[in-house]
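Work through these exercises with the structure open beside you. Try each task before you read its solution.

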Amino acid sequence: MEAGLVRKYASEAGGLRLARHGPHGHSARTAHSMSASALRKKSDASLVRKVPFAPLRPVLANLQEVFLGTKLAVLFPAVPLAIAARCANFGQVWVFALSLLGLIPLAERVSFLTEQIAIYTGPTVGGLLNATCGNATELIIALFALMQGKIEVVKYSLLGSVLSNLLLVLGTSLFCGGIVNLGVDQPYDRKQADVSTGLLILGVLCQSLPLMLRYAVAAGEHSIAAATTGLELSRACSIVMLLAYVAYLFFQLKTHTQLFEPQDIDEDDEDQEEAVIGFGSGLFWLAFKTVLIAILSEYVVGTIEPTSQSWGLSVSFISIILLPIVGNAAEHAGAIIFALKNKLDITLGVALGSATQISMFVVPLSVIVAWIAGIQMDLDFKLLETGSLFVSVIVTAFTLQDGTSHYLKGILLLLCYIVIGACFFVTRQPASHANGGGAGLAVPTGTWNAQVA
């Protein structure tokens, strides 16, 4: 941020120069925070200086940083408009659309505030904040859908977030970066990619086992003792996934921090490491923005089925394709911007890190929360969904195996995403029938119950 009155008041509020340096002497900024910073803009301190009432200036400087310090500030009016449309019963489709638009700048601001708080708390606590708040929008949407009993919407939206990061975000980034940097070598660190893809493969395995168990029992190849065994297996796998995620955090934040620290930070990026708001102010605005995200998430979940009927799109297509694209728009844009700058380590850290966080943290956490709430949510994402996830992880792993990139890799990932999107576009059944059978491969619930009896 440029020097001026804003920085002066931030310093008076307790702003400190970022001292986040790990044991290897590198900056401990994460790829997520680096990506989010690409959408921020410098505040114009001259506007605050013109305010005649001096005590009001620090308040205005704070508001300017929180609401106008992003290139996405133009979308903030969608937040009050969504709330007004809901209160005035203006129309559920309008509420859905405005809520989605309002979530875009809110998600970016949560990332900004998390980074500001991390300046005061240090790299470990800051990393944990990023690990839990990095996908706050998806987590809150999933929890609201879960509490409303819309288990299929939870599964669809989380699956869509992983597919979006692996294929759409990474594919678009590699394609744009390859086109802009034609004739220039585009290397990246394979070690970070290998860690993330390994965790993603473990996540696919844990999500595939309940599905394979159901089909094995239905085919008469195996028998089980009780009808709840599939649910119990999902809960056991969820605990394993959470343990793996904790180990991943320890690996990332303590023992191997050098693998996850962006090495190509330029001078402008370093300038953004200075706190521009105080610690208490950051906590307040983080809580406030999270409440707004919760309100809009509830609106999205409550209006998704009427919107599906109005737009003529299946709930699965809206949840898997539209929700992740809009919910992660700010993060996606940042990843693409750094790919254009030939900084693929940051791009990979955003795309793979977000996919890993959803797969290994948000998905099993949803199952555990459902377990505590007495809701029977399992890891059986059904055949089509699980198959799409498995192929996406394998394609991504093979794409990143050589440590260099070019635009053709991006095209291939994008085409995979388009094909998967087309598949869910032609799937027209509502969420309430998403468990049902189709022709050939699907196994009706009655068959499952009859086999386990």
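**Exercise 1.** Find how closely the axes of helix α17 and helix α18 approach, and at what angle they cross.

*Solution.* Start with the elements: helices (H or I, at least four residues) and strands (E, at least two) are DSSP runs, numbered from the N terminus. Helix α17 covers residues 383–399, and helix α18 covers residues 407–425. Next, take the axes, which are lines fitted to C-alpha atoms, for helices over the stretch in contact; angles run from 0 to 180 degrees between N-to-C directions. The two axes come within 11 Å and cross at roughly 175°. Now name the arrangement: angles under 35 degrees count as roughly parallel, over 145 as roughly antiparallel, 65 to 115 as roughly perpendicular and the rest as oblique. Helices α17 and α18 are therefore roughly antiparallel to each other.

Then list the contact residues, where contact means heavy atoms within 4.5 Å. Helix α17 supplies Leu 384, Glu 385, Ser 388, Ser 392, Val 395, Thr 396 and Thr 399. Helix α18 supplies Lys 409, Leu 413, Cys 416, Ile 420, Cys 423 and Phe 424.

Last, sort them by class. Ala, Val, Leu, Ile, Met, Phe, Trp, Tyr, Cys and Pro count as nonpolar, Asp, Glu, Lys and Arg as charged, and the others, Gly among them, as polar. The contact of α17 with α18 has seven nonpolar, four polar and two charged residues.

A note on the source: this is a predicted model, where local features need pLDDT of at least 70, side-chain atom pairs count only at pLDDT 80 or more, and totals for chains, interfaces and linings use all residues. Residues are numbered from 1 along each chain as its sequence is written, and side-chain values use heavy atoms, with hydrogens and water left out.

**Exercise 2.** Describe the packing of helix α10 on helix α11, and sort its contact residues by class.

*Solution.* Take residues 190–218 for α10 and residues 229–255 for α11. Their axes come within 9 Å and cross at roughly 175°. That makes α10 roughly antiparallel to α11. Contact residues of α10 include Val 195, Leu 199, Cys 206 and Leu 213. Those of α11 include Gly 230, Leu 233, Cys 237 and Phe 251. By class, the contact divides into 13 nonpolar, six polar and no charged residues.

**Exercise 3.** Follow Leu 233: which residues does it touch, not counting residues up to four places away in sequence?

*Solution.* First place Leu 233: it lies in helix α11. Its touching residues are Leu 209, Pro 210 and Leu 213. Then check accessibility: buried means under 20% relative accessible area, exposed over 50%, partly exposed in between (1.4 Å probe, protein chains only). Leu 233 is partly exposed, with a relative accessible area of 28%. Finally, look along the chain. Asp 378 is 145 residues apart from Leu 233, yet their C-alpha atoms are separated by 8.3 Å.

**Exercise 4.** Compare Ser 366 and Val 367. What does each touch?

*Solution.* Ser 366 lies in helix α16, residues 344–373. Ser 366 is buried at a relative accessible area of 1%. Val 367 is buried at 0%. Leave out residues up to four places away in sequence. Ser 366 then touches Ala 142, Leu 146, Val 154, Leu 158 and Met 377. Val 367 touches Ser 234, Arg 235, Ser 238, Met 377, Asp 378 and Leu 379. From Val 367 to Met 377 is ten residues in sequence and 5.7 Å in space, C-alpha to C-alpha.

**Exercise 5.** How many disulfides are there?

*Solution.* Apply the rule: a disulfide is a pair of cysteine sulfur atoms within 2.5 Å. The count comes to zero. Check Cys 237: the nearest cysteine sulfur, that of Cys 206, is 4.6 Å away. Cys 237 is buried, at 7% relative accessible area. Cys 87 is exposed, at 61%.

**Exercise 6.** Locate Asn 342 and Lys 382, and state the phi of each.

*Solution.* Asn 342 sits in the loop between α15 (329–340) and α16. Its phi is near 65°, a positive value in a residue other than glycine. Asn 342 is partly exposed, at 21% relative accessibility. Lys 382 lies in the loop between α16 and α17. Its phi is about 75°, also positive, although Lys 382 is not a glycine. Lys 382 counts as buried, at 14%.
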